[in-house]
Amino acid sequence: MNTTLAQKIIARAAKRDHVTPGEVVTAQVDLAMIHDSGGPRRVEPILQELGVGLFDADKVVLISDHFVPGDTEEGAQILELTRQWAKKRQVAFHDGEGICHVVLPERGHLKPGMLVVGGDSHSTTGGAFGTYMFGIGATEMAGVLATGEIWLTVPKTILIEWRNQLSDGVTAKDMMLAICGKLGMDGGRYQAVEYCGDAIAALSMQERMTLSNMAAELGGQAGLIAPDEVTASYISNAGGDAGEWQMLKTDSGAPLMAHHAMDAAELAPQAAAPHSPANAAAVGDVEKTSIDVAYIGACTGAKYEDLKNAASILQSRSVKSGVELLVAPASKRDQQRAEKDGIMAVFEAAGAQILPNACGICAGYGTHRLGENITCISSTARNFKGRMGAASSNVWLASPFTVVASAIAGEIADPRTFLSSKERLA
Amino acid sequence: MSGRIFLFGDNIDTDQMAPGKYMRGGLEMLAAHCLEGVRADFASTVRTGDIVVAGRNFGVGSSREQAAEALIHLGIAAVIAQSFAGIFYRNATNLGLPVLVCQDISALKDGAHVTLVLDAGQLTLSETGVTVPLDPLPDNLKILLADGGLIPHLKKRFAREKNK
Ligand code: SF4
């Protein structure tokens with residue numbers, strides 16, 4: 001029988017030969033990830049109430065990122081509680097090493113075919129590794145930690161195929177903004193979104209992670225990409241084991257809910273106007289909009305490759321006076337790598353402020369929260385009203401390329417103008 | 001259960017139900033401001049047993065559970081919508097708040113008095129006796145809701161396992 005990647009993973013986790021979209025099954029969870037905000041402080045009281053411990057401490061990973069660096073009294077308390085809990089419950093703990101969705105695969109925790117839950121809505125990011133990973137609330141997480149089980153409705157699959165290749169200066173983030181604009185924020189219908197096609201095969205793992213990350217903005221339960229050699233080599237470099245990944249794919253002829261074909265070659269850099277990722281349009285079609293803050297941050301847009309892309313434009317240019325460029329690398333490792341490669345030096349030379357490896361402004365925390373009436377262009381995933389600061393602030397979403405191009409121009413700008421002039425110089 | 005309908009449109013997000021700026025004030029305060037951005041008198045006029053009816057994609061946005069908690073705190077008996085955002089649907093069910101899909105809400109008018117029979121998946125308009133069909137709940141969710149949500153459900157299960 002021809003089945004989808006999602007069906008294959010869920011059938012195995014539910015100890016079944018076959019599962020059918022629409023049926024409700026109970027699955028065994030291979031891994032549960034929690035962070036400092038929705039984790040220990042919310043789940044421990046429930047575990048106490050139930051009078052039970054963890055189903056398996058080896059299958060729980062705790063990552064601190066939301067309240068890092070703990071520069072408020074509340075944040076410091078939450079971090080302290082998080083650290084105590086990690087000791088008490090004896091779980092793997094990555095403290096202050098970066099944003100959970102980036103740190104989890106970076107440390108080799110993910111393996112194709114796993115069923116994973118995360119206590120955060122962008123847990124869809126794990127789908128880039130061929131895991132069925134999705135976000136749940138704190139009560140449900142407590143239930144998983146107590147039992148190792150979760151119910152789910154077997155999803156249908158919405159296939160998003162990207163044909164041909166992206167042009168220079170256009171990235172995974174632009175693909176996702178374009179899809180959000182096309183399908184809307186409920187286009188994923190809480191089903192399994194799966195990305196495929198030549199353009200996806202050519203993407204690095206970090207770019208693929210951006211696609212899976214923003215399956216959350218599409219309203220999908222998961223954002224899957226079938227594993228391939230690129231996946232396997234990332235995982236072995238991260239010290240993990242990719243296992244038997246070759247069979248993990250959607251069979252041709254498997255029934256689909258929808259199949260959207262997109263042309264990567266025709267895609268232009270995108271920007272999404274406040275206050276929805278679905279307000280996406282080609283940067284060239286955006287009315288002249290001057291900006292106050294340019295933010296390179298979040299699990300979505302501040303991984304090593306995001307930093308590298310941004311720096312490639314910023315090199316030997318400067319940020320428009322009056323514009324503040326903020327850079328919060330998504331993980332400590334990515335920042336160290338960027339330091340070694342001279343990327344961080346480019347940001348520093350341009351006068352950017354480097355912020356901690358944490359959620360920071362994306363979660364509405366930290367000293368750089370957006371003030372009243374500030375216009376910001378951001379590499380993050382969400383621009384809901386008031387999310388990153390004052391309700392009167394306006395956030396535009398774009399790729400790291402476009403964020404930095406806009407910082408240079410002082411207004412929302414197409415990064416390709418800078419790429420081509422650089423080529424002319426060279 | 002029976003009560004009055006409070007009718008809402010499409011894309012009601014979790015921030016409308018649990019506004020971020022009141023998150024630190026606790027559940028009492030959140031509930032007092034629940035949905036005020038779309039309907040200023042909501043919290044002050046709902047009574048225990050009332051039902052929220054909405055259009056598409058109810059509960060879109062962040063995974064904060066306080067959105068469902070605020071509705072429960074106000075005594076809302078159920079939410080009926082054309083579709084739900086997935087994480088909200090799960091959170092509400094796990095907290096014991098019935099959430100039901102209704103393909104056609106056109107007969108459901110604001111302020112109308114209705115009776116909901118959860119097991120049968122049926123909503124009846126008191127005035128006319130007209131019945132509006134709802135999508136049936138999967139069996140496991142019926143059990144979860146009958147137990148009052150995930151935590152009471154698990155308590156029961158652990159107690160059973162202990163007594164075996
Ligand atoms: S960086 Fe933003 S999107 Fe990513 S986990 Fe943190 S708050 Fe969520």
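Two strands pair if DSSP finds at least two bridges between them. Helices (H or I, at least four residues) and strands (E, at least two) are DSSP runs, numbered from the N terminus. In this structure, A:Leu159 of chain A stands opposite A:Glu194 in strand β9.

This is a predicted model, in which local features need pLDDT of at least 70, side-chain atom pairs count only at pLDDT 80 or more, and totals for chains, interfaces and linings use all residues. Residues are numbered from 1 along each chain as its sequence is written, chains are lettered from A and ligands numbered from 1 in the order in which they are written, and side-chain values use heavy atoms, with hydrogens and water left out.

**Confidence**

- The predictor gives the complex an ipTM of 0.91 and a pTM of 0.94.
- Chain B has an average pLDDT (the predictor's confidence in each residue, from 0 to 100) of 93, and 100% of its residues score at least 70.

**Strand β8 of chain A**

- Six of the seven residues of β8 (residues 157-163) are buried, so the strand is largely enclosed by the rest of the structure. Buried means under 20% relative accessible area, exposed over 50%, and partly exposed in between (1.4 Å probe, protein chains only).
- Strand β8 runs parallel to β9 (residues 192-196), and five bridges join them.
- Strand β8 also runs parallel to β11 (residues 258-263), with six bridges; there the bridge partner of A:Leu159 is A:His259.
- Together β8, helix α6 (residues 172-183) and β9 make a right-handed β-α-β unit. Right-handed means that, with the strands pointing away from the viewer, the path from the first strand over the helix to the second runs clockwise.

**Helices of chain A**

- Helix α5 (residues 138-147) has ten of its ten residues buried, so it is largely enclosed by the rest of the structure.
- Just after α5, A:Gly148 takes a positive phi of about 75°.
- A:Gln7 is found in helix α1 (residues 5-13) and is buried, with a relative accessible area of 6%.
- A polar atom of the A:Gln7 side chain lies 2.8 Å from the backbone oxygen of A:Val19.
- Beyond its neighbours within four places in sequence, A:Gln7 is in contact (heavy atoms within 4.5 Å) with residues including A:His18 and A:Val154.

**Interface of chains A and B**

- 24 residues of chain B are in contact with 29 residues of chain A.
- The two chains bury about 2,300 Å² between them, 58% of it on carbon and sulfur atoms. Buried area is the accessible area (1.4 Å probe) that two parts lose on being put together, summed over both.
- In chain B, B:Arg90, B:Ile151 and B:Phe158 lose the most area to chain A, together 28% of what that side buries.

Key: Polar contact = N/O pair within 3.5 Å; in protein donor to acceptor, adjacent residues only side chain to side chain.
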